[in-house]
Amino acid sequence: MFLLFFLLWLLLSGGVSLHACLWGLAVSALLTWFCRRVLGYDWRIFCGHPARIWALIRYFAHLVAEMLKAGLMVMKIIYVHPKKITPKLVWFRTPLQTDRHKAMLSDSITLTAGTITVRSQDGRLLVHALDAPLAEGIEDTAFQQQLEKMEGTQWRR
Amino acid sequence: MIEHLATGAGLAFFLFGLFVFFSAVLGLFRFDYVLNRMHAAAVGDSLGIFCVLIGLMLLHGWSLSAAKTLLIFVFLWLTSPVASHLVAEMEVATVPDIHKECEVEER
């Protein structure tokens, strides 16, 4: 986490000078301390097994591809039949256990246009879909399968 | 040659991004209920932002500003689902007869 803050500082300050590095070190150390003590963040998220990092990269690549596809689909709905849609609210149970993975799943669902996560309650998610075909198979998406695998490797560790 | 190609691709991405934003605004007017309108706005958030920022990165070339553009991606895509989730949750929580607006299904 310290390294992440330091890199962010260097990127935003726009150059590697002694002045920027010294201030960056001080501010990153302070922020790392604040995040771990006061906010209780777990810095191990960022330095896991290489296989887990690779799985995360694959997940985000898949997410971006799905976001673009869903965006084009919603654009088509906007131009072709905006009044003939059948919006739907779907409750479904997710097998994911940890809050972190549930949050990732619901964020991914919200980021893909056409579906928005409305509520999460007792291991169930409420999702609003713009059109009924967009809600098909929402309870077992590729996102969920990938996250389940990632969660599985985490439990084993 | 490669510079020309990058400029052309950047312009194409940028213009398509503008078109996506136009569609998103049009969608806001064409859909008739707040939850449906949010999907139109989400198109601008995901596809529109992606095309515009990729276009800018291609136009500027790989530099510090391109790296900062990547940061904009990260922060926008972290914050926008949270905001839309909160708006949607507020709408569903405060409308007593949500069944009239859209079908509710249990799976």
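How many Å separate the centres of domain 1 of chain A and domain 2 of chain A, taken over C-alpha atoms? The separation of these two centres is 32 Å, in a model that is predicted. The domain assignment of chain A places residues 2-44 in domain 1 and residues 48-156 in domain 2.

**Contact between the chains**

- Chain A brings 31 residues to the contact, and chain B brings 34 residues.
- On the side of chain A that touches chain B, the elements giving two or more residues are helix 3 (50-80), strand 1 (88-93), helix 4 (99-111) and strand 2 (115-121) of chain A.
- Helix 3 of chain A supplies seven residues, which is the largest share of that side.

**Strand pairing**

- Strand 1 of chain A pairs with a strand of the other chain, namely strand 1 of chain B (residues 103-106), in the parallel sense and over four bridges.
- Within this pairing, Val90(A) has Glu105(B) as its bridge partner, while Trp91(A) has Glu106(B) as its bridge partner.
- Strand 1 of chain A also pairs with strand 3 of chain A (residues 124-129), here in the antiparallel sense and over six bridges, and the partner of Leu89(A) in strand 3 of chain A is His128(A).
- Strand 2 of chain A runs antiparallel to strand 3 of chain A and is joined to strand 3 by six bridges, with Ser120(A) bridging to Leu125(A).
- Strands 2 and 3 of chain A form a hairpin that has two residues between the strands, and Asp122(A), which lies in the turn, has a positive phi of about 50°.

- The buried residues of helix 3 of chain A are Leu63(A), Met67(A), Ala70(A), Gly71(A), Val74(A), Met75(A), Ile77(A) and Ile78(A).
- These buried residues pack against helix 4 of chain A, and also against helix 1 (2-30) and helix 2 (34-60) of chain B.
- The largest nonpolar core has 45 residues, of which Val74(A), Val127(A), Val43(B) and Leu47(B) touch the most other members.
- Helix 2 of chain B gives the most to this core, contributing twelve residues.
- Apart from its neighbours within four places in sequence, Val127(A) is in contact with Val90(A), Ile109(A), Thr115(A), Ile116(A), Thr117(A), Val118(A) and Ile138(A).

- Met1(A) counts as partly exposed because 17 C-beta neighbours lie inside 10 Å.
- Although Met1(A) and Leu31(A) are 30 residues apart in sequence, their C-alpha atoms are 9.2 Å apart in space.

Key:
Residues numbered from 1 in each chain as written. Chains lettered and ligands numbered in written order. Predicted model: local features only at pLDDT ≥ 70, side-chain atom pairs only at ≥ 80, totals over all residues. Contact = placed C-beta atoms within 7 Å. Pairing = 2+ DSSP bridges. Domains from an automatic or database assignment. Buried ≥ 20, exposed ≤ 12 C-beta atoms within 10 Å, placed from the backbone. Core = buried A, V, L, I, M, F, W, Y, C linked by C-beta atoms within 7 Å.
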